[in-house]
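Please read these notes beside the sequence and the model. They are arranged by topic.

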Amino acid sequence: MTKKNKTSKISPKKHTKTSKSKRFLYSFTIHYKSILFVLLFLIISITSYLILQKEDLGPLLPKPPANAIYKQSSQPIEKRVEDLVSRMTLEEKIGQMSLVDKNSLTKIKDISRYNLGAVMSGAGAKPAINNPQSWFDMIAEIKSEASNSRLEIPILYGLDANHGHSNVLGATIFPHAIGLGASYNNELVKQVAVATSEELRTTGVNWDFSPSIDAPKDIRWGRVYEAFSDSPELNGSLGRSYIEGIQTADKGGYVLASAKHYLATGSMVWGSSNHKKFKIDQGKTFVDDNALSNEYLPPYKDAISANVSSVMISLNQWGDERIIDSKNLVTEKLKNELGFKGIVVSDWYGVYEYSKTNKYEANIKAINAGLDMTMLPYDYKDFLKDVRKAVSTGRISEGRIDDAVSRILYQKFKAGLFDVEPRVTSLESIGSQKHHALARKAVASSAVLLKNNSTLPVSVNTKNIIVAGSGADNVGRQCGAWTIEWQGIDGNWIPGGTSILQGIKQTVNKSSNVEYSLDGKFPNMTEKADIGIAVVSEKPYAEGWGDNPNPTIDKEDLKAINNLKQIANKVVVVIISGRPLIITEQIRTWDVAVEAWLPGSEGGGIADVIFGKVPFVAKLPISWPANTKQLPIQSNGVTNDNSSVLFERGWGL
Ligand code: BGC
């Protein structure tokens, strides 16, 4: 019925008889009705909008009282977790299960709006100005936004500090893990991790996505240097020390560590990568149950015995199954068999990468397999909606969600996030003298003397020293990838860093003459130099971008070595690389070979061992193949073709 029809029903006679006041009352009633109608319409629209956007209802719920059990530090953690979980809506729980990259956050307000559990800096995601103060400010803002959420659950801020707080300009850059592995020194590894953790905490970072306890079997892989060793014992034992160091409590709180990449990462088959441009990274492993139990699970047992807070699942497949989808590997083995009580977190986009299903199904599969926190990193709104839908349709049980959230909250309570006052420390510990000195010690302890034809140590009084090679004056190459940028930066630019050339100049006596040229040519030299030092290097690379069918020494560097040989009595070759390189032919003609790995910002540590200020103590943490046909090499040293390696694990003069 139209409005016109309605009014036409009123008798015109009656109308004419109506008094003035009655007419007024009549028109008022009409107005009143339409106002009511508009109000009703508005209320219905707003309510249905809020119902559709259900996550917005969170803030409308009452805040918990100040004396809620979970807010009382005197209560046992289990009770606090139980109390907090019982107060959470489903949306708040799913929010806690999300780990979002800071560059993917659409609005900072989303942190409190969705009750996000964690934010991270993917490699290279840094504040506009890269200095310690800006990092501190950026993370403080994120933490403060998290405290605006209804339940005020503190947020985790995570990143990869795998060789120091290496995203931050000015931080101390320690050797990559393979170098620490060569030290075989648990105490040193722990000290490095404590120093890293201190630098992290001063900027507010409370989650480190390391250590890697992968087992590199094939030097062609681009991530060899991220692991300590291919030996399960050494990997497990140094991994433990690293975790203890990172998770060292300081004024009640600590940084969470993450053992990664679960499981059997490093044993993938060359050519099996799922990634179009990679060869082995993100590939498939075919190891049997026996190897899983005897070789790949033990380092995780060690990590768990060190109370590691989180374990990151790899992007690999075990046979045809993605590890992230495997309930057997994630829930049965890791959680039930090994008794892991911490957070299972996925790798970068790991739930969706190479999934044969859509994202909705991928979330269901991974969470049901045992995943607790999803490193999204982009599509967090879709994740929140999908998981909510999956719970409401019974595809994911509420019990699984409660288990995941309880694990996350337990680790947050345990690390002191709910109780410890934000720490106001000076940022001076970042790149402090103390940490640089420790890094220099770590460099000297990680350099392996592979060959020495009665040449080392070189006297600090040597008259004429000539230096050459791509790695001689290049702190960027010393540091390798995961330094400021994901793929690292080639060049001599890291503030506070010392190149090997500078280290040599600082170490020798003033009477010594040190000359440098990149290509090893010194046209103005009139007599032969006493010693030539060639520092050869790999360009920085990370992950599958470093997969290389034939890792060996660069041609220009070989020329530089040969040029030095013409004009120096003896030549020392120092190799900067993230893995053993194929040098079987070349090394025969060298007087000295030193593997320096990726030593980081302190080139002085290499000068220390060359000039005998500190003795060589390091040993190979991994076998050194003679050729690529020998790959992969099993952790017991057996090569693919049963031939002998160039140097066995444990070698070092
Ligand atoms: C790597 C992880 C890393 C994560 C976050 C991934 O690409 O595989 O090792 O922790 O990114 O940066």
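1. Basis. This is a predicted model, in which local features need pLDDT of at least 70 and side-chain atom pairs count only at pLDDT 80 or more, while totals for chains, interfaces and linings use all residues. Residues are numbered from 1 along each chain as its sequence is written, and side-chain values use heavy atoms, with hydrogens and water left out.

2. Whole chain. The C-alpha trace spans about 130 × 55 × 50 Å along its principal axes. The secondary structure amounts to 22 helices and 17 strands; these are DSSP runs, helices being H or I of at least four residues and strands E of at least two, numbered from the N terminus. Of the 653 residues, 59% are buried, where buried means under 20% relative accessible area, exposed over 50% and partly exposed in between (1.4 Å probe, protein chains only).

3. Contacts and surface. Among contacts with a separation of 6 or more, 77% join residues 24 or more positions apart; contact means heavy atoms within 4.5 Å. The chain exposes about 27100 Å², and carbon and sulfur atoms supply 55% of that. Accessible areas come from the Shrake-Rupley method with a 1.4 Å probe, and for residues only the protein chains shown count as cover.

4. Ligand site. Which residues are around the ligand? They are M120, D160, F209, R223, K260, H261, M312, D347, W348 and E543, taking a residue as near if one of its heavy atoms lies within 4 Å. The shell divides into 4 nonpolar, 1 polar and 5 charged residues. Here Ala, Val, Leu, Ile, Met, Phe, Trp, Tyr, Cys and Pro count as nonpolar, Asp, Glu, Lys and Arg as charged, and the others, Gly among them, as polar.

5. Ligand oxygens. The side chain of R223 has an N or O atom 2.9 Å from an oxygen atom of the ligand. For H261, a polar side-chain atom lies 2.7 Å from a ligand oxygen, and for D347 a side-chain N or O atom is 2.7 Å from one. The protein covers 95% of the 310 Å² of accessible area that the ligand has on its own.

6. Helix α17. The 14 residues of α17 (residues 433–446) should span 20 Å at 1.5 Å a residue, and the end C-alpha atoms are 20 Å apart, which agrees; the expected span is 1.5 Å times one less than the number of residues. Buried residues of α17 include H435, H436, L438 and A439. Their cover includes α8 (177–183), α9 (186–203), β12 (448–452), β17 (592–595) and α22 (604–610).

7. T196. This residue lies in helix α9. Is T196 buried or exposed? T196 counts as buried because its relative accessibility is 0%. Leaving aside neighbours within four places in sequence, T196 is in contact with A161, G164, H165, F174, Y242 and I246.

8. D530. This residue is in strand β15 (residues 529–537) and is partly exposed, with a relative accessible area of 31%. Not counting residues up to four places away in sequence, D530 touches T462, K463, N464, N569 and K570. A polar atom of the D530 side chain lies 3.4 Å from the backbone nitrogen of K463, and the backbone nitrogen of N464 lies 2.7 Å from a polar atom of that side chain. The C-alpha atoms of D530 and V571, 41 residues apart along the chain, are separated by 9.0 Å.

Terms used
A polar contact is a pair of N or O atoms within 3.5 Å; within protein, one must be able to donate a hydrogen and the other to accept it, and residues adjacent in sequence count only if both atoms are side-chain atoms.
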